[in-house]
Amino acid sequence: MPKLKTKSGVKKRFKFTATGLLKHGVAGKRHRLLHHNGKYIRQNRGTKVLAKADTAAVKAWAPYGLR
């Protein structure tokens, strides 16, 4: 059987936690931050855990895991 292809964007944008959840960076932090209030900027710092509905699709794009 041939090797499965992975989406190269998924390798760069997601990481697995120790319990198997997926972490991702939050959108909307690069520019035009003067238009956002402080609460928005604080809450979107760092990374978030991906929603369960989206996790199955991302795991299919990275069949061998994200190491």
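The exercises below walk through a predicted model of one protein chain, each with a worked solution.

Residues are numbered from 1 along each chain as its sequence is written, and side-chain values use heavy atoms, with hydrogens and water left out. Because the model is predicted, local features need pLDDT of at least 70 and side-chain atom pairs count only at pLDDT 80 or more, while totals for chains, interfaces and linings use all residues.

**Exercise 1. Confidence and overall layout**

Task: find how confident the predictor is in the chain, and describe the order of the elements and the spread of the chain.

Solution. Start with pLDDT, the predictor's confidence in each residue on a scale from 0 to 100: its mean over the chain is 90, and 99% of the residues reach 70 or more. Confidence is lowest in helix α1 (residues 8–13), with a mean of 90, and highest in β3, with 96.

Next, list the elements, which are DSSP runs numbered from the N terminus, helices being H or I of at least four residues and strands being E of at least two. There are 3 helices and 3 strands, and from the N terminus on they follow the order α-β-β-α-β-α. The radius of gyration of the chain, 15 Å, is well over the 11 Å that the globule rule gives for 67 residues, so the chain is more spread out than a compact globule. That radius is taken over C-alpha atoms, and the rule is 2.2 Å times the number of residues to the power 0.38. Along its principal axes, the C-alpha trace spans about 50 × 25 × 20 Å.

**Exercise 2. The sheet**

Task: work out the strand order of the sheet and name its edge strands.

Solution. Two strands pair if DSSP finds at least two bridges between them. By this criterion the 3 strands form an open sheet in the order β1-β2-β3, with antiparallel pairing. The edge strands are β1 (14–16) and β3, each of which pairs on one side only. Neighbouring strands are turned against each other by 35° on average, direction ignored. Looking at one pair in detail, strand β2 (residues 22–25) is joined to β3 by 3 bridges, and G25 stands opposite T47 in β3.

**Exercise 3. Around L50**

Task: decide whether L50 is buried or exposed, and trace which residues it touches.

Solution. First locate L50, which is in the loop between β3 (47–49) and α3. Buried means under 20% relative accessible area, exposed over 50%, and partly exposed in between, with a 1.4 Å probe and protein chains only; L50 counts as buried because its relative accessibility is 15%.

Then take contacts, meaning heavy atoms within 4.5 Å. Not counting residues up to four places away in sequence, L50 touches F14, L22, H24, T55 and V58. T55 is found in helix α3 (residues 52–61) and counts as buried because its relative accessibility is 13%.

Over the whole chain, buried residues make up 15% of the 67 residues.

Technical notes. Axes are lines fitted to C-alpha atoms, for helices over the stretch in contact, and angles run from 0 to 180 degrees between N-to-C directions.
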